[in-house]
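Subject: Handing over the two-chain model

Hello! I am passing a structure on to you, and my notes on what turned up in it follow just below. Please have a look at it first and then read on.

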Amino acid sequence: MNPFALAYREQQQLFLFDKTYIAGTLLKVGGLATLLARFFVQFFWNPAVAMTLTLLLLALSAFMTWVYVKQSWKDWALIPLCVFPSVIIGASLSDNSLHFDYLTAILLVQACLLVYKAIKTRKVFGALALTVILYFTAGSAAVIFPVCIFARDLWKKEFSPSLASLVAVAACGVIAYLSSGVPTWSEAFTPAAYYDIDAELPLVHWAGWISIPVVIMACRLVNATHLVKWATFAAGVLLLIPAFIHAGKYEKKIDKEQPRLAYIFEHYTCNEDWDGLIKACRKAPWLPRTANYLNMALAWKGELAENLLKYDQRGADGLVMTTSDRAVDVAQAHIMFAMGNVAAAQDVAFNTVSSLNGFCPAMLKINAQVELMRGCYEVADKYISLLEKAPHYRAWAKEQRGFLYNDQAVESDPLLGNGRRNLQAENHFIMYTNPMTELFPILDANPTDKRTLEYGLCYLLLTKDLNSVKHFIEDYYSAPDSPELPRIAQEAMVFYSEYSRNMEGVVPFGFDWCYEHGVQPDVVKRFEEYKKAAVAGATALRKFRGTYWYYLVHTEI
Amino acid sequence: MTALLAISCGGRVNVSGTVDSLPEIFPDYRDVTVPENIAPLDFSYSGTGKCVLTANGKTIRSRKGGLFVFKKSLWRKWMKEGSVQMTLIVKQNGSWVSYKPFNINVSRDRIDPWFSYRLIPPGYQGWQEMGIYQRNLENYTQEAILSNDLTGGNCMNCHTFRAGDPSKMVFHARATFGGTVVVNNGEVEKLNTKTDSTISALVYPYWHPSGDYVAFSVNKTFQSFHNHDENRIEVYDLASDVVVYNVKTHQIAWSPLTKSEDYFETFPTFSPDGKWLYFCSAKAVPEMPKDYKEVRYGLYRVAFNPEDMTFGDDLELVYDAPAEGYSVSFPRISPDGRFLCFTRHGYGNFSIWHKDSDLWLVDLTDLSVRPMAGVNSEDVDSFHTWSADGKWLVFSSRRDDGLYTKPYFTHVDPDGNATKPFLLPQKNPKEYYKKLMKSYNLPAFTTGKVTVGKRKLVNVLRNSSGTDVTVR
């Protein structure tokens with residue numbers, strides 16, 4: 001299991017301490033399993049906690065299997081065997097399309113098995129009642145229940161309870177199907193109930209279900225045949241080896257199929273841990289999506305232009321890579337928000353909130369903030385109220401509540417005020433044909449937005465469009481109160497100045513223009529050194545890595 | 001003024017002053033007119049502090065959050081009395097003061113007992129959960145007719161009934177289990193409605209009063225998100241036409257007057273006698289979406305012969321909205337055939353995203369046009385349907401928060417005069433609507449409960465390959 005993949009589950013739901021939410025969830029088939037899963041997953045915002053909690057629940061599952069099969073507390077030798085299903089279940093949980101309810105439903109089944117074990121009389125009635133309760137609280141995992149009863153009772157030649165339970169689970173499944181409590185027969189009787197809606201369930205997720213009764217039967221066999229304890233223990237441990245190998249291999253397979261890197265990036269982004277995000281992105285900054293997150297982290301730290309070329313940049317896609325499907329692209333929402341294009345961020349964030357299973361907290365936060373920026377306080381209040389019901393987001397939400405119906409507070413807040421000013425840009429449709437077409441009007445409306453300004457400048461620098469960079473500097477860096485011209489832009493202009501004087505078809509301009517627009521004399525001096533190094537060759541050029549000249553001449557985009 | 005009121009649990013309220021205004025309450029039920037069979041209109045006082053309410057001589061203590069809950073038996077008694085006068089008394093600075101009283105007026109015109117709607121996030125492209133629901137207006141029962149958790153999370157839309165008949169319904173499902181579903185007296189049929197001769201699958205439906213035909217538009221629709229505009233979203237057509245579908249033969253037909261490349265025709269509706277097909281039509285503009293603000297729809301009609309599914313030769317202009325600088329959408333004619341209610345707005349056709357959208361009436365006896373005074377708000381007032389007897393109108397409004405549409409009901413008298421609309425009642429409406437993260441979409445009355453089973457609908461959508469619609 002990957003702790004960051006587990007942590008990403010937290011961003012696909014929002015557990016609410018709210019009676020309507022709780023009642024609404026419980027009323028669905030498998031509702032208790034869902035509710036428990038969501039309760040646990042709410043703590044997964046910390047990957048270490050996510051991992052620890054999941055391991056504890058898997059250990060609990062193993063423990064309950066052992067308690068179910070043991071005949072006395074001295075049956076310690078059975079423990080490795082009982083751990084086997086938990087390893088298999090843990091492996092399945094690597095697949096983020098498999099909901100965490102898969103595990104909580106199994107725990108409910110195991111809890112019912114323990115209750116059943118404690119029943120001494122009227123076992124048939126007990127099995128029947130437990131099956132019905134189990135089906136409607138845990139869902140299709142209840143199918144395991146009669147099989148596990150059978151696996152244990154087989155040795156006592158007691159078949160009535162398991163048979164009654166089997167009939168009951170079949171009846172519950174039919175009722176659930178006919179009453180549309182579940183969409184298909186698969187969801188009524190198979191692990192598909194815990195898989196993404198209408199996605200094909202990989203066969204591997206049956207293994208967790210099958211392994212529990214198999215292990216129960218094996219343990220009972222061991223008890224019945226009075227095998228030597230150490231031999232049983234050793235056999236159990238040996239059996240765990242292929243289980244762990246399976247888990248490892250499956251993890252690797254899932255690693256290739258699911259966006260693990262994105263889970264890591266999202267974790268740091270949602271927790272606004274920009275240094276952590278930069279560190280995580282360092283491994284492959286040339287990949288466009290990685291570069292998107294990296295540059296966003298730099299932007300939030302106010303270092304985008306300053307530190308842009310400290311990393312291996314490969315063109316403007318590294319700032320923002322847009323896709324046509326804006327429905328569930330959380331990264332796009334974060335990046336647009338950082339860029340100051342708050343309307344575009346909201347477009348994606350709103351779609352994402354509605355598209356995911358329940359609510360995506362990070363997207364809900366963006367929506368709440370954009371509604372505050374818009375002054376749509378009634379709508380912001382809805383989102384804030386929702387987040388207030390989730391313990392991890394309560395403090396943040398309460399802080400935002402202070403902005404409701406308070407224009408002055410919104411306008412004086414650095415983030416919200418800036419966003420509100422950005423929204424004053426001349427209206428246009430958000431098309432994503434070119435992010436710059438959307439940034440220019442925003443900058444015209446709010447030239448003081450440093451993040452938007454640097455995103456705009458860096459976009460043009462990374463596309464190597466020096467003529468546009470020059471115009472951009474004239475438009476947005478020429479006023480007396482403009483920020484200092486970033487060093488990479490100074491380098492670009494020094495280069496372009498020299499280039500303009502030597503190329504036909506380009507309007508020439510001298511270093512005077514550069515000095516007037518914020519280029520420092522030492523940059524011009526260093527450019528002379530660069531030119532000499534360029535003639536000398538690669539070794540001499542090494543010390544110019546990180547300069548715009550190096551990017552311009554030696555980086556392919 | 002001093003008055004002593006006894007309230008339940010032995011409490012006493014000594015009213016020592018008055019406030020010369022009406023109290024702020026949510027929903028705003030002050031001086032609304034309601035049908036006698038409506039569910040209790042619970043509401044909350046929007047201010048702070050303790051409060052009590054006197055209503056037709058009965059004193060009621062508020063619950064948490066200023067909520068007033070009315071017992072069903074008491075509410076029914078009030079409804080029989082014909083009017084409820086309510087006075088809200090609040091504790092301010094240690095003294096009890098009473099606001100000006102307001103009335104809830106009761107109409108003897110009963111409202112259709114059920115109405116249906118789609119619950120969907122008011123979003124732009126994404127959804128995980130949506131569904132078509134029905135609600136009993138006489139109590140608070142809500143049931144899903146169909147929810148998309150049963151059909152692969154797909155989109156479903158445009159549910160429409162024949163004159164409020166719950167046994168005749170049509171709706172569309174999209175994506176994996178897509179198709180148009182026709183429910184006809186318990187029979188459920190799935191249609192594949194895209195043909196080589198039409199630009200899209202069938203879209204906006206309207207049943208012919210005979211139940212033998214359904215008029216549809218076909219639209220090439222796009223949606224864009226505004227950067228900075230009071231209207232967040234723009235939904236526009238690049239092309240659209242109007243066709244009529246024959247329920248029995250599975251054929252569609254059209255007139256050159258309803259299917260022209262130079263015009264965008266959409267939102268068809270039949271007259272109650274079934275002899276006219278009304279629709280909205282706009283002259284196509286050179287460049288979309290650049291010119292989206294230049295698209296303005298007028299209201300037209302063409303004769304329709306239900307005997308042989310043929311159309312008249314003349315296109316009649318009913319309301320030339322573009323000449324006045326406006327656009328028309330969602331024409332719906334009252335069952336008596338006298339009034340046509342439509343949404344009027346500045347441009348385009350998707351009025352639910354236009355804050356200037358208001359409800360207007362055409363008096364079809366003289367084609368005079370007027371706004372529905374007292375019904376419209378500063379925000380969106382759009383999609384509407386008439387009750388079976390034409391005495392009530394339900395419409396979607398964004399008046400409360402500007403984003404999430406809610407259903408409002410208004411009484412319309414024979415001269416077209418409408419009363420102040422009231423919001424769909426809920427148990428604890430303030431909390432309910434605040435928590436609700438979905439919009440009420442396409443509200444439509446039905447004279448009874450839709451009884452077709454969800455399983456039947458799901459099985460048809462999931463398992464049926466569907467019947468291909470052909471062109472006559």
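Strands here are DSSP runs of E with at least two residues, helices are runs of H or I with at least four residues, and both are numbered from the N terminus.

Before going further, please note that this is a predicted model, in which local features need pLDDT of at least 70 and side-chain atom pairs count only at pLDDT 80 or more, while totals for chains, interfaces and linings use all residues. Residues are numbered from 1 along each chain as its sequence is written, and chains are lettered from A and ligands numbered from 1 in the order in which they are written.

One of the pairs is Asn184(B) with Glu187(B), the latter in strand 18 of chain B. Two strands are taken to pair if DSSP finds at least two bridges between them.

Which strands make up the open sheet, and in what order? There are five, in the order 15-16-17-18-36 of chain B, and the pairing is mixed. Strand 15 (156-162) and strand 36 (467-468) of chain B each have a single partner strand and stand at the edges, so one side of each is left without a neighbour in the sheet.

Strand 16 (residues 165-173) and strand 17 (residues 179-184) of chain B are antiparallel, with six bridges between them. His172(B) has Thr180(B) in strand 17 of chain B as its bridge partner. Helix 3 of chain B packs on the sheet and touches strand 16, strand 17 and strand 18 (187-192) of chain B; the direction of the helix makes about 30° with that of strand 18. For such angles, axes are lines fitted to C-alpha atoms, for helices over the stretch in contact, and the angles run from 0 to 180 degrees between N-to-C directions.

At the other end of the order, strand 18 and strand 36 of chain B run parallel and share two bridges. Asn192(B) is bridged to Asp468(B) in strand 36 of chain B.

**Where the chains meet**

In all, 29 residues of chain B are in contact with 31 residues of chain A; contact means that the C-beta atoms, placed from the backbone, lie within 7 Å. On the chain B side, strand 20 (213-225), helix 2 (429-435) and helix 3 (454-463) each supply at least two residues. Helix 3 of chain B gives the largest share, three residues. By class, the chain B side has eight nonpolar, twelve polar and nine charged residues. Ala, Val, Leu, Ile, Met, Phe, Trp, Tyr, Cys and Pro count as nonpolar, Asp, Glu, Lys and Arg as charged, and the others, Gly among them, as polar.

**Domains of chain B**

Chain B is divided into domain 1 (3-107) and domain 2 (114-463); domain bounds come from an automatic or database domain assignment. The C-alpha centres of these two domains of chain B lie 37 Å apart. Their contact takes 19 residues from domain 1 and 15 residues from domain 2 of chain B. On the domain 1 side, strand 4 (32-35) and strand 5 (43-45) of chain B are the elements that give two or more residues. Strand 4 of chain B has the largest share of that side, four residues.

**Two helix pairs in chain A**

How do helix 6 and helix 8 of chain A cross? The axes of helix 6 (residues 101-118) and helix 8 (residues 144-153) of chain A come within 10 Å and cross at roughly 40°. In helix 6 of chain A, Val109(A), Cys112(A), Leu113(A) and Tyr116(A) meet Ile144(A), Phe145(A), Cys148(A) and Ile149(A) of helix 8. This contact has eight nonpolar, no polar and no charged residues.

The axes of helix 17 (residues 330-339) and helix 19 (residues 361-374) of chain A are 10 Å apart, at an angle of about 35°. Here Val330(A), Ala333(A) and Phe337(A) of helix 17 meet Ala362(A), Met363(A) and Ile366(A) of helix 19.

Happy exploring!

Technical notes. Two residues are in contact if their C-beta atoms, placed from the backbone, lie within 7 Å.
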